[in-house]
Amino acid sequence: MTVRIGIIGPGGMGEAHIQRITNLLSGGKVVAVADINPARAKAVAEPLGATVYPDGASLIRAEEVDAIMVTSFGPAHEESVIRAIEAGKPVFCEKPLAPTAAACLRIMAAEEKAGRRLVQVGFMRRYDASYRQMKAVLDGGEIGEALMVHCAHRNPTVPESYTADMAINDTAIHEIDTMRWLLGEEFVTARVDKPKKTRNRFSHLQDPLVLILESESGVRVDDEIFVNIQYGYDIRCEAVAEKGTVSLADQNLIERRDGGGHHNQLATDHIDRFDGAFTTELQAWIRSVEAGQTSGPSSWDGYAAAVVCDAGVKALTEDAGVVAITMIAKPAFYANEKAVVVA
Ligand code: ISE
């Protein structure tokens, strides 16, 4: 079976997903496109031979569309995701699931009403080979329980439109989700440390900053967010456990030695660094749609990340010190989910 996919809001991330589905992955075909900018929808659809729809609602209703991919602007996600759920169609939604916890709760309510999981959230790091190996080591128990995790999330630069809160809800959201998954528990507090600011930033930003999270069992996670580091896209993570440590290795593809010394090739952005993760993530989604069993990061994960982000943004923007994180109890509907990963 070929899963016929309709994409809503094909921006940069959406384009990258379309290229993967069209040129690399098996089992899926993009047949429909909608965008608030009709010229953009046409430009994306034409080379694919896909149909342009005037809006997300008509694309979701279309008989020729089996599954929906939402890659529009975050605040627009809720409407499309809920419509897709109501139409009984599986939906892959880029992060964030929605920008507020309240909107995520509405999505969860729609999914519970539909009676089956239909939403996969685009937290791609769970599909990254190196994070998966770190998780296997921790789950294996040989180095004991994790006590602390040191993370760094460094972007070369960000545009002026990147607002102060985005350091948490656009950038740190990746570590928030990955650490919940890696540790298998929720966070209970958040605080933000504000080091000396780089001169290479727009003045409205606190850059760098360190988000510090504490989990239910007391694991301390620190996450350095530095979005103007200039030199490259650098993602680091070291878990310190009772009898050992495990960390992501340097992500270089090649090492070069020459008269200037010994160099690593660094990634330049997330599309480059997480290339393999995006591929595995989307292939897993297509397979799960074929099997009629949506899996991977769920609406619950989208909600939990949003709640932690809210606490982090409060700590950052209101100088609120240690902020308690309060979530609803995890609904039974979302218990016992497994992430299906396709090698
Ligand atoms: C961006 O939206 C992403 O999702 C990237 O993975 C992250 O590195 C970047 O900071 C965000 O702005």
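Entry 1: I started at Gln 230, found in the loop between β10 and β11. Strand and helix names follow DSSP runs, numbered from the N terminus: helices are H or I of at least four residues, strands are E of at least two. Phi of Gln 230 is near 75°, a positive value in a residue other than glycine. Most residues other than glycine have a negative phi, and most peptide bonds are trans. My cut-offs are under 20% relative accessible area for buried, over 50% for exposed and partly exposed in between, with a 1.4 Å probe and protein chains only.

**Entry 2: ground rules.** The model is predicted, so local features need pLDDT of at least 70 and side-chain atom pairs count only at pLDDT 80 or more, while totals for chains, interfaces and linings use all residues. Residues are numbered from 1 along each chain as its sequence is written, and side-chain values use heavy atoms, with hydrogens and water left out.

Entry 3: Asp 319 lies in the loop between α10 and β15. Asp 319 is exposed, with a relative accessible area of 59%. Next came the cis peptide bonds. One joins Lys 95 and Pro 96, with omega about -5°. Pro 96 sits in the loop between β5 and α5 (101-114). Another runs from Asp 207 to Pro 208, with omega near 0°. Pro 208 is in the loop between β8 (187-193) and β9 (209-215).

**Entry 4: the sheet.** In what order do the strands of the open sheet of seven lie? I read β12-β11-β7-β10-β9-β8-β15, with mixed pairing. Strands pair if DSSP finds at least two bridges between them. The edge strands are β12 (245-247) and β15 (323-324), and each pairs on one side only. I then checked β7 against β10 (residues 220-226): they run parallel and are joined by seven bridges. His 150 stands opposite Asp 222 in β10.

**Entry 5: Arg 154.** This residue lies in strand β7 (residues 146-154). Is Arg 154 buried or exposed? Arg 154 is buried, because its relative accessible area is 16%. Its side chain makes a polar contact of 3.0 Å with that of Tyr 231. A polar contact is a pair of N or O atoms within 3.5 Å; within protein, one must be able to donate a hydrogen and the other to accept it, and residues adjacent in sequence count only if both atoms are side-chain atoms. Leaving aside neighbours within four places in sequence, Arg 154 is in contact (heavy atoms within 4.5 Å) with residues including Glu 224, Phe 226 and Asp 234.

**Entry 6: Ser 247.** I moved to strand β12, which holds Ser 247. Ser 247 counts as partly exposed, at 40% relative accessibility. The C-alpha atoms of Ser 247 and Cys 151 are separated by 9.5 Å, though these residues are 96 residues apart along the chain. Not counting residues up to four places away in sequence, Ser 247 touches Met 134, Cys 237 and Glu 238.

**Entry 7: other strand pairs.** Strand β5 (residues 91-94) and β6 pair in the parallel sense over four bridges. Val 91 stands opposite Val 119 in β6. In a regular strand the side chains alternate between the two faces of the sheet. Both faces of β6 (residues 119-122) are covered: Val 119 and Val 121 on one side, and Gln 120 and Gly 122 on the other, are all buried. Strands β13 (residues 255-258) and β14 (residues 261-264) pair in the antiparallel sense over four bridges. A hairpin of two residues joins β13 to β14.

Entry 8: On a 1 Å grid over the protein atoms alone, a cavity is a set of points where a 1.4 Å probe fits but cannot get out, a pocket is an open set with protein on both sides within 12 Å along at least five of seven lines, and lining residues have an atom within 4 Å of a point. Grid points are joined across faces, edges and corners, and a volume is the space filled by probe spheres set on the points. The largest pocket holds about 1000 Å³. Of the 42 residues that line this pocket, the closest to its centre are Lys 95, Pro 96, Met 166, Asn 169 and Asp 170. Helix α7 gives the most to that lining, with six residues. I counted one cavity of 30 Å³ or more. The largest cavity has a volume of about 70 Å³. Strand β11 (residues 234-241) gives the most to the cavity lining, with three residues.
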